[in-house]
Amino acid sequence: MTSTIEPEVGKSRRRKEDERLITGRTRWTDNLTLPGMLHLAVLRSPFAHAKIVSIDVTEAKSAPGVVAVYTGKDLDPESAIGMPCAWPITPDMKSPRRPILASDTVNFAGEGVAVVVARTAAEAQDALEAIDVDYDELPVVLGLENALAEGAPLVHEELGTNQNAVWVFDSAGAGTGSDVEDAIANSEVVLKRRFRQQRLVPAFMEPRACVVDPTGSQLVMWSATQVPHILKTMTAATLGLPEHKVRVIAPDVGGGFGGKIAVLPEEMMSTLIAQRLGKPVKWTESRSETMVAAHHGRDQIQDLTITANRDGTVTGLKVELLADMGAYLGLVGPGVPILGAFMFNAIYKFPAYHFACTNVFTNTTLTDAYRGAGRPEATFGIERIMDELAVELGMDPMELREKNWIKHEEFPFTTVAGLTYDSGNYEAATAKAKELFDYDGLRREQKERRESGDSVQLGIGISTFTEMCGLAPSRVLGSLDYAAGGWEHAEIRVLPTGKIEVITGASAHGQGHETAWSQIVADKLGVPFEDIEVIHGDTQSSHKGMDTYGSRSLVVGGIAVVKAADKVLAKAKPIAAHLMECAEDDLEFEAGKFSVKGTDSATSIQDIAWAVFSAHNLPDGVEPSLDSADTFDPENFSFPHGTHLCAAEVDTETGRVRLRSYVCVDDVGVAVNPLIVEGQVHGGLAQGIAQALFEEAVHDEGGTLTTGTFADYLLPSAADLPSFTTDRTETPSTTNPLGAKGVGEAGTIASTPAVVNAVIDAVRHFGVDDIEMPLTPMRVWHAIQHQTAAEGGLGSEAGGGLGSIDATGGAQ
Amino acid sequence: MRITVTVDGTSYTDDVEPRTLLVHHLRERVGKVGTVVGCDTSNCGACTVHLDGHSVKSCSVLAVQADGCEVTTIEGLARDGELHPVQKAFHENHALQCGFCTPGMIMQSIDLLADNPDPDEKAVREGLEGNLCRCTGYQNIVRAVRDAAHQMRPGAGPEAERLASDTASRVGAGGE
Ligand code: FES
Ligand code: FES
């Protein structure tokens, strides 16, 4: 008899990871101390663009505790290629060499120019002040349009332009749709809008750090990185080291959000210095350093043209982007806008689509992946312009979406951008969200407030979205000129006592892999959750991997685990048959036991594990091991989707925005652990809402980041955010055996437009149809004031516009 | 300067530089690396510990100011292998993801509950205003703190009461 064991997948398991994290027994990189370890501190340029005339390090060299001081001239030549960029999006993309330390010109404020090595971190920091750098300031170029203007100062003089690359997708050319220019010429409605994606700071809570130990036969690097495997390969490639002599360990990592996807000049200089001195070194940055030196995210100007018929059917979409790369190219930076190319059409059936982006250099910190990478930007653009189109057409914005989205029965559906969405049910998620939100009730209240002229106005914001998760099918990455593949690796080791070690290439930094992977393996092998240990983040134990980003862990890495577990069972089966003296075909496997059909004769995985270990009685030719490994390369992305609804109250006298309620219903397919899914959604919402309302990296005219600490960069606290109502529908993905879709970025992607749409909706009757993010009280207030003044001043023209908007806004 | 600080029940005497911050003293000299540093402007709260029973950001206190004081860190909360109810509530309510803010959040939450044993949502949110978390969106943290309050409330059972009085003597009443 097999016992019925409750399945682990689908259960809200409390996390295995928590125990060490709530008791302070965590292994952060900065906790590590090795014998004889020295400390590094980096001197950073205060100027955004300058020639380095000279650097005098004599005084610093004799400062207390100082062991050595290096400048770019000392260190940088050891890397022929400079810091790597892995995504040459076009054959003629300009990829200026990014040095490990600048020795000739600095191109952004925060770029490293010298590094001090001392016995303590404080001594290293102190000695920075004794370094004398003579700079010759150069003209600074900031802002995407300025950078492309005639005669603009050039970030990289030798390139002769600030334009980095132009990448185009056209549905007529690709054969996925018709010509967008035809749609523009022939549609009844043509609406153009420009949106700005402000620059953001990923702001993981643990600052970056690395420790390099050169004293063993392998060089060991501990780093607060999201990508230990990529880092290992890139370290070898960048510094010309034999790859087998490098081991990278990502211990506990305190958040990433794409911000720790980079390969850092600091990691490279730490390696070079550790090798030269023959001693372990540690580099840990301060928060102020993180803000200027770790990559930023977003920073785009989006010009959108949408076309439609008067009945609300959309006919075309044209997207022209300018994307700020900063001063150099990040590891995957140039590809970030391209990920958006596939998402601008979102859940809608556009017959025609054209996308072009121009990547641009400016004298700022480089930009690279930040939670969602390209997809939040795209979702913002399309969800904002759908609202504007609804106003133009006099339709309810929800009705417009419903009219144009892919219907449940139309899946699988190949979009105009060339992706095939495997499954989805926008109707179900929307129906549930509307009910939880009380959509109709809030629309009624909105109308009443408008009519009574209440000083606090109510707005409703909608964002129905999808995204592509599970980055990525290797063939797709190849077609987009990304240097690597998108598979993931897993290994399962069955120990003699029947306990299990799962080794995953997808290294976690807060997503709960140890728990979720245990749940998957517990179900597959029928062993207790507690008997499973998940090992990750060390290129020695997990020798292959593509790491964690782009919501790929579960839908790529988790499937590799499933496949490896299947192999364990395949290896166990002939052994079980041998032990029970029956034919393999007579066996069935359930709840951890092979049993002979129709009898109560059974043998457990644990029994087989011991039999394999002792190897006393195995069938001929069988390897004495159940250990198995496999890789999974997805054949398609997965497409989570959802409906997010936000009710915002705007105080029209102060411009203050209060989120009254936020409801989202996400469809992430099968949820392995609903508790973790909910947590990911909450965190994602906070980040997306923060983009809408609070956060922006601001530079002054000289290129200095004026929001360079947590005192000026407004990361929301608990007091700044509401509680969210989250729920799910479950439409399994049809392209992986778990039916999972991924969730890491969904909240961030969907929430920014939901909030901005809500705020605009609240003040639209004043004539406001756009406000730049973040929607600070000052900006909201100004928008209202400006429109009110324009109404008085401009008379009938603006008045007429207001009249028509009023009529449509109030029509329910 | 020579200082003596009792950390998690053990007394440590050390020579420290006058400029050394308490957090660096704890991490580098006492070896309490459970307390972490997230910023250099006293904005993030990751470094929160209890100094004589009240929460402080240990990056804004000099080690010499802690001379003769009692410090409790995240590593000193569990007693006899038993987690503090707030630690337990964080686990139960999935109030952490990467966990980097967590030691500070837990220390601050305990102080908050000592001041207000039954806070409503608003009070919890305001009480945690000085502690930043980038992962959780705070909702589960708020839930955890309120759940812990409930667990620790007199009448919630003998176990909860024992833990509650334990906390009170360590945090609130144990102060001056
Ligand atoms: S490290 Fe102390 S408040 Fe941020
Ligand atoms: S759990 Fe990651 S910062 Fe709070």
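Of the 176 residues in chain B, 56% are buried. The model is predicted. Chain B has six helices and five strands.

**Chain B: overall make-up**

- Along the sequence, the elements of chain B run β-β-α-β-β-β-α-α-α-α-α.
- Contacts in chain B between residues at least 6 apart in sequence were sorted by separation, and 59% of them join residues at least 24 apart.

**Chain B: two residues with positive phi**

- S42(B) is not a glycine, yet its phi is positive, at about 60°.
- S42(B) sits in a loop of chain B, between α1 (22–29) and β3 (48–51).
- Is S42(B) buried or exposed, or partly exposed? Its relative accessibility is 28%, so S42(B) counts as partly exposed.
- H94(B) is another residue other than glycine with a positive phi, here near 50°.
- The loop that holds H94(B) runs between α2 (85–92) and α3 (102–115) of chain B.
- H94(B) has a relative accessible area of 2%. Buried means under 20%, so H94(B) is buried.
- Within α2(B), the buried residues include P85(B), V86(B), Q87(B), A89(B) and F90(B).

**Where the chains meet: α20(A) and α5(B)**

- Helix α20 (residues 674–693) of chain A packs against helix α5 (residues 139–152) of chain B.
- The angle between the two is about 120°, and their axes lie 9 Å apart.
- That angle makes α20(A) oblique to α5(B).
- Which residues meet here? From α20(A) they are L675(A), E678(A), G679(A) and H682(A). From α5(B) they are Q139(B), N140(B) and R143(B).
- By class, this contact has one nonpolar, four polar and two charged residues.

**Chain A: the hammerhead domain record**

- An unreviewed UniProt entry places the feature "domain: Aldehyde oxidase/xanthine dehydrogenase a/b hammerhead" at residues 23–139 of chain A.
- That span, residues 23–139 of chain A, is 15% helix and 30% strand.
- Its end C-alpha atoms lie 51 Å apart.

**Chain A: an open antiparallel sheet**

- Three strands of chain A form an open sheet, in the order β4-β2-β6, with antiparallel pairing.
- β4 (105–106) and β6 (132–137) of chain A stand at the edges. Each has a single partner strand, so one side of each has no neighbour in the sheet.
- How many bridges join β2 (residues 50–56) of chain A to β6(A)? There are six, and the two strands run antiparallel.
- D56(A) has D132(A), in β6(A), as its bridge partner.

- Strand β11 (residues 246–249) of chain A is covered on both faces.
- V246(A) and V248(A) are buried on one side, and R247(A) and I249(A) are buried on the other.
- Strand β10 (residues 219–223) of chain A pairs with β11(A) in the parallel sense, over four bridges.
- M221(A) has V248(A), in β11(A), as its bridge partner.

- I492(A) lies in strand β19 (residues 488–494) of chain A.
- The relative accessible area of I492(A) is 0%, so I492(A) is buried.
- What does I492(A) touch, leaving out residues up to four places away in sequence? Its contacts are I500(A), E501(A), V502(A), V521(A), L525(A), V561(A), A564(A), A565(A), V568(A), L626(A), D627(A) and S628(A).
- I492(A) and A80(A) are 412 residues apart along the chain, and their C-alpha atoms are separated by 39 Å.

**Chain A: cis peptide bonds**

- The bond from F411(A) to P412(A) is cis, with omega near -5°.
- P412(A) is in the loop between α13 (397–404) and β16 (413–414) of chain A.
- The bond from M773(A) to P774(A) is also cis, and its omega is near -5°.
- Where is P774(A) placed? P774(A) is in the loop between α21 (746–763) and α22 (777–794) of chain A.

Key
Residues numbered from 1 in each chain as written. Chains lettered and ligands numbered in written order. Predicted model: local features only at pLDDT ≥ 70, side-chain atom pairs only at ≥ 80, totals over all residues. Heavy atoms only, no water. Buried < 20%, exposed > 50% of the residue type's maximum accessible area, 1.4 Å probe, protein only. UniProt positions renumbered as here; feature names shortened; annotations may be inferred. Pairing = 2+ DSSP bridges. Axes fitted to C-alpha atoms, helices over the stretch in contact; angles between N-to-C directions. Parallel < 35°, antiparallel > 145°, perpendicular 65-115°, else oblique. Contact = heavy atoms within 4.5 Å. Nonpolar A, V, L, I, M, F, W, Y, C, P; charged D, E, K, R; others polar.
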